[in-house]
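Here are my notes for you, as numbered points. Keep the model open while you read and find each residue as it comes up.

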Amino acid sequence: MESINTILGNLFSSIDTNVYDVLDDITFISSDIIHDSFFEKILGTSASNGILLISNALLFGFLIFYAIKYLFSHFTYFPIEKPHQFIIKSIIFGICINCSYFLIGQSLDIVSNITLAIRGIGEDLFHKNICFAQLIVEINNSKLLDISSDIFSLDGILKASLSVSLLNLVFTYSFRYVMLKIFILLTPFAILSLILENTSWFFKSWIRNLFSLLFIQIIVSLVLLILFSMNYSSNNLMIKFIYIGAIYALIKANSFARDFLGGVSTTFSQNVENFLKK
């Protein structure tokens with residue numbers, strides 16, 4: 001029994017030590033996500049390389065498509081957008097396409113600043129850094145879930161449930177991180193889709209999904225603020241269950257954001273379940 005306690009205790013300690021630091025890195029996103037040397041090569045450093053080159057080529061294709069459509073409209077008498085309106089739109093959106101990564105970077109920083117403001121409130125109130133890494137320090141110092149005596153006690157069961165939930169949380173937010181990068185790459189194409197009315201649906205879908213993913217970190221900041229407002233030194237059962245419930249709320253944050261704004265699901269367990277059903 002003692003050896004089992006030791007092995008599982010070391011396992012849970014390893015999860016606590018490594019997972020919480022990773023969560024801070026993959027949850028709180030800013031424009032730094034763009035400023036990665038390899039990612040910048042994919043995005044394109046100018047209009048003549050990377051994704052920007054493809055989007056500019058598609059812009060030229062849209063111009064040819066409109067010219068052909070305008071030519072045929074004289075024979076079919078089908079109503080079409082006036083040339084000067086289309087040209088003005090093409091110029092404006094063409095500039096936006098080539099500045100798209102600057103624009104998305106500013107949007108990421110706005111959400112990041114809102115997140116930092118919420119966490120800043122907690123830092124002023126509780127004089128602690130509001131993040132996952134500091135949270136585990138608080139939990140360990142208070143010995144909220146003490147499993148040193150018996151892994152099969154209530155604390156042991158809650159600790160095991162917490163560790164599984166944390167791994168689920170890491171997979172969920174890692175998937176969100178990857179999806180955010182994909183939607184950032186799609187920024188020029190989303191702006192390009194606004195040129196034609198029958199492709200503008202792509203921009204609406206893109207922006208809804210993007211801000212749904214970004215909104216998650218605002219929810220996470222609020223949950224962390226609530227977690228840091230609790231007194232873990234009291235070590236009562238209600239605090240333990242609230243803590244587990246808060247971790248579950250972080251897992252379901254994507255569902256809350258999706259119900260509120262719409263968008264893609266990043267819940268790891270749900271995606272695995274849907275995959276196995278196919």
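1. Start with Lys-89 and Glu-81: they form a salt bridge, and their closest N and O atoms are 3.2 Å apart. A salt bridge here is a side-chain nitrogen of Lys or Arg within 4 Å of a carboxyl oxygen of Asp or Glu. The structure holds 1 salt bridge. Glu-81 is partly exposed, at 24% relative accessible area. For that term, buried means under 20% relative accessible area, exposed means over 50%, and partly exposed is in between (1.4 Å probe, protein chains only).

2. A word on what you are looking at: this is a predicted model, where local features need pLDDT of at least 70 and side-chain atom pairs count only at pLDDT 80 or more, while totals for chains, interfaces and linings use all residues. Residues are numbered from 1 along each chain as its sequence is written, and side-chain values use heavy atoms, with hydrogens and water left out.

3. Now the whole chain. It has 12 helices and 0 strands, where helices (H or I, at least four residues) and strands (E, at least two) are DSSP runs numbered from the N terminus. Buried residues make up 45% of the 278 residues. Of the contacts with a separation of 6 or more, 76% are between residues 24 or more positions apart; contact means heavy atoms within 4.5 Å.

4. (Lys and Arg count as positive and Asp and Glu as negative; His and the chain ends are not counted.) Leaving aside neighbours within four places in sequence, Asp-24 is in contact with Cys-131, Phe-132 and Ala-133.

5. Next, look at a helix pair. The axes of H5 (residues 100–126) and H9 (residues 200–228) come within 9 Å and cross at roughly 10°, so H5 and H9 are roughly parallel to each other. Axes are lines fitted to C-alpha atoms, for helices over the stretch in contact, and angles run from 0 to 180 degrees between N-to-C directions. Angles under 35 degrees count as roughly parallel, over 145 as roughly antiparallel, 65 to 115 as roughly perpendicular and the rest as oblique.

6. What kinds of residue make the contact of H5 with H9? They divide into 15 nonpolar, 6 polar and 1 charged. Among them are Ile-104, Leu-108 and Arg-119 of H5, and Trp-206, Leu-210 and Phe-228 of H9. Ala, Val, Leu, Ile, Met, Phe, Trp, Tyr, Cys and Pro count as nonpolar, Asp, Glu, Lys and Arg as charged, and the others, Gly among them, as polar.

7. Leu-59, in helix H3 (residues 50–76), is buried at 12% relative accessible area. Leu-185, in helix H7 (residues 154–185), counts as buried at 19%. Its C-alpha atom is 9.4 Å from that of Leu-52, 133 residues apart along the chain.

8. Finally, check His-127, in the loop between H5 and helix H6 (132–142). Is His-127 buried or exposed? At 69% relative accessibility, His-127 counts as exposed. Its phi is near 55°, a positive value in a residue other than glycine.
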